Every structure is written in C-alpha cells, then in structure tokens.
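Thanks, everyone, for making the time. I would like to walk you through one model this morning, so please have a look at it before I start.

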Amino acid sequence: MNGLTHSLDELSELARLLTTGEAPRALVVVCPPATLLAAVAAQGASSGIIAGGQDCHQESHGAHTGDISASMLADAGAQYVIVGHSERRSNHGETNEVVRAKAEAAIGSGLKPIICVGETEAQRDAAEAESVVSAQLAASIPDAAEQHEVVVAYEPVWAIGTGRTPTLDEIEEMHNAIRARLVDRFGLSKGESIRILYGGSLKPQNAREILGVGNVNGGLVGGASLLAKDFYTIISAV
C-alpha cells in the first residue's frame, strides 16, 4: 500500500534506466496499487515494463464492495496478478483454497498468477518449513497450471521487511524442494518451466548472490522496488 500519482516519477526514472543503458535480460513486472495500474500499464509499455495487480477477488463480478476482479485488472492493462501474498494470508485470513480460487480466476481472465507460498518463523523453528510450503503448493496451485503459465514465489515470512535473510543454502534447499514438488505434480517439462521467485528482504546489496542460487528464477521485490535506482540495481543483477 505505497504510491500516489507522483510515484509515477519513479516509474519514469526506471523506464529511463531500462532504455538508456544495456537492457537487462529480465522480465520486469510492476504491481502497483489498483489506483495506478492503468497508468503503469500505459507508461511502462514503451520501456518493456509489464503491469500486474497485487490481488484479485475469486469471483468475476457481484456484490463484493471494495474488491477487484481479475477481469477488471486485465481491463486496466494488467498481465499478471499476485495471489496468496503472505500479507493477504495473515492480514485477511486467506486460505490455500481461496488462493487457488483466485489463481483460477486469474487464469480465466487471461492473467498469469504469481502464487505465493512461505513459512513463518515458528514453522521454520519447528522444522516444518518444507512440509508447510509443500502443502501450500499442493492446495494453492490449480490444475489449470498444467496448460497455463503460472509463477511461484517463495516468501520466508520471517524475512520480509525484517532485514533478516535466509542463508544461500537455506534458499537453495527450499527452491530445490519446490522444484521437486512441481516436477512431481506436473511432470519434468512443465515442472521445470515454472518460474520460482524469491521474495524476502531481496535488496541491491544481496540480489546478485541470491539470484545466482540454483532454481531461483527471479525475485518478488517489496520495499526495494520503491526507488527506481535500487530496483534497477536488482533488475541488473539478473
């Protein structure tokens, strides 16, 4: 929940950086508040920036005051949408079943869902991290993922905004486990093709080493995306 109209100045600066220097070999998706979505979609197009939504409702329309449907996001220019972010799961009580329904709605509206999974500090301390994430994957990813593009984002909840970061070995261990679960469910070809993003205190200072870890195919960037220069540094690390 960051960004007013003047925040588009940072988007303009990011676009300038992306188009004046050597183009990074990265797919850049910006998921702004819904109030800025159409502007980001229009403004980012010339520099290759793709727009996405931060959340969607699982229903296509109806009496859901304050919510936004996947088709509305697509109508505003989005191509992606984040579903099941840890803050939605904790602050709004979203279950795996709700996340799955939202992902299905996204696919039905032509959007690519970025499906978030991750464990809390208590779950990691209890040695339950892998089992928790595996259960979230199984229940949150719809069967439609077999025919449509989806993205998985791993968020160690205890690392978001805390300055704490898992070790590279811990990141690789979890991403390898996620890859194995995807291959088990969808087969080698599809399971290997699904991007797995890392999200948890990813910042300019650690982006290059984290993005170099096996089975880390990109980042889900939070606070470090608010400043164009910082975000560009992370993008360039790809």
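Predicted model: local features only at pLDDT ≥ 70, side-chain atom pairs only at ≥ 80, totals over all residues.

I begin with strand 5 and strand 6 (residues 195-198), which pair in the parallel sense over four bridges; strands count as paired if DSSP finds at least two bridges between them. Helices (H or I, at least four residues) and strands (E, at least two) are DSSP runs, numbered from the N terminus.

Residues are numbered from 1 along each chain as its sequence is written, and side-chain values use heavy atoms, with hydrogens and water left out.

Across that pairing, Val152 stands opposite Ile196 in strand 6. Strand 5 also pairs in the parallel sense with strand 4 (residues 112-117), again over four bridges, and there Ile114 stands opposite Val151 in strand 5. Which way do the residues of strand 5 (residues 151-154) point? Val151 and Ala153 point one way, Val152 and Tyr154 the other way, and all are buried, meaning under 20% relative accessible area, where exposed is over 50% and partly exposed is in between (1.4 Å probe, protein chains only).

Stepping back to the sheet, six strands form an open sheet in the order 1-2-3-4-5-6, and the pairing is parallel. Strand 1 (29-30) and strand 6 stand at the edges with a single partner strand each, so one side of each is left without a neighbour in the sheet. Elsewhere, strand 2 (residues 50-53) and strand 3 (residues 80-83) pair over two bridges, and the bridge partner of Gly52 in strand 3 is Tyr80.

Now to the helices. Helix 7 lies across strand 4 and strand 5, running at about 150° to strand 4; axes are lines fitted to C-alpha atoms, for helices over the stretch in contact, and angles run from 0 to 180 degrees between N-to-C directions. Helix 8 (residues 168-186) packs on the sheet, touching strand 4, strand 5 and strand 6, where contact means heavy atoms within 4.5 Å.

Finally, the axes of helix 5 (residues 96-108) and helix 7 (residues 129-140) come within 8 Å and cross at roughly 45°. The residues in contact include Val99 and Arg100 of helix 5, and Ala135 and Gln136 of helix 7.
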